[in-house]
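Reader: Please take a close look at the ligand site of this model and describe its surroundings in detail.

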Amino acid sequence: MKVGIVGAGMVGSSAGFALVMRGVASEVVLVDHNPALALAQAEDIAHAMPFAQPTQVSSGDYEALAEADLIIIAAGVPQKPGESRLSLLGRNAEVFGDVLAQTGKVAPDAILLIASNPVDIMTEVALKLSGLPAARVFGSGTILDTARFRYLLGRHLNVAAQSVHAYVLGEHGDSEVLAWSSARSGCETLDDVADQLGRPISEAVRHEIDQNVRRAAYKIIEGKGATWYGIGAGLARIVQAIRDDQRAVLTVSARVPEIEGVRDVTLSLPRVVGRDGVAETLIPHLSYSEATALRASAEMLRETAAELA
Ligand code: ADP
């Protein structure tokens, strides 16, 4: 599979590195409006290849993305001091206008996987600008938040994170919803498995896990300025689901016609992801408070998208 990456900054290059280490792509091409950066990242990643999986890694201009099966878009501009979120969004929407005009010319049928933040809004922007069907334009969404939730629950229960089934829904950001009521391990609800294992989930534990999922990015940004490894690995996981037509259930961000009474909004829900992108959306059964929180998250995203339009 040929994968293009537009935006060779920390997130784009980490995705490239993760693709090579996991052996997910036969070819990875990095493009950036700073070509020297794209070239340097491509060379650095290519030098890891002999320790990983055979992959052609290169950089180039947009023509180099011809016949890409999938393009990860991780391009964006940093927030200026004192700049409002909406102004930053407007500038990033301009970047997407530029990027998508180019990718549309050279690889009109490529699946677009959006990683730039705020990812739900940028996915909505990409969907509108590209004119592609919603199944082929989606964002990394809460794939990482879901991973953090499972990791923390697994650590508390002392079971593998892979054996914890729990999802984070809605916005990838402050209003995201941890779907506690549907979390499971084995055949058991979370409370039952926690009791059996003698590791009850008290209100304090629940609060701590919630905060550690919701605030994870802030904590990491305090220490190192941005986050990139987790999302890079998550992006590679999504690409793998597409390459192998796995029909894996992943929380990616995509347009849904209606959720909790909010129409035509782009957010994360469990999605069946395979060769053609998002094949199905699984509408969750939620507790009253989770459903209320998901509606609020959806309304906020809908309003932000409308303000930008
Ligand atoms: P992040 O931490 O999200 O990866 P970075 O600032 O490290 O953020 O990376 C964003 C990248 O996007 C930068 O390398 C920047 O040069 C690139 N970029 C910005 N605008 C464009 C554009 N119009 N076309 C291509 N790349 C762009």
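Which element supplies the largest share of the shell around the ligand?

Author: The largest share comes from α3, with three residues. This is a predicted model, in which local features need pLDDT of at least 70 and side-chain atom pairs count only at pLDDT 80 or more, while totals for chains, interfaces and linings use all residues. Residues are numbered from 1 along each chain as its sequence is written, and side-chain values use heavy atoms, with hydrogens and water left out.

The ligand is surrounded by 14 residues, a residue being near if one of its heavy atoms lies within 4 Å. The closest are Met10, Val11, Asp32, His33 and Asp98. At least two residues of the shell come from each of α1 (10–22) and α3 (85–106); helices are DSSP runs (H or I, at least four residues), numbered from the N terminus. By class, the shell holds eight nonpolar, four polar and two charged residues. Here Ala, Val, Leu, Ile, Met, Phe, Trp, Tyr, Cys and Pro count as nonpolar, Asp, Glu, Lys and Arg as charged, and the others, Gly among them, as polar.

From Asp98, a polar side-chain atom lies 3.0 Å from a ligand nitrogen atom. The ligand taken alone exposes 570 Å², of which the protein buries 76%, with accessible areas from the Shrake-Rupley method and a 1.4 Å probe.

Technical notes:
A polar contact is a pair of N or O atoms within 3.5 Å; within protein, one must be able to donate a hydrogen and the other to accept it, and residues adjacent in sequence count only if both atoms are side-chain atoms.
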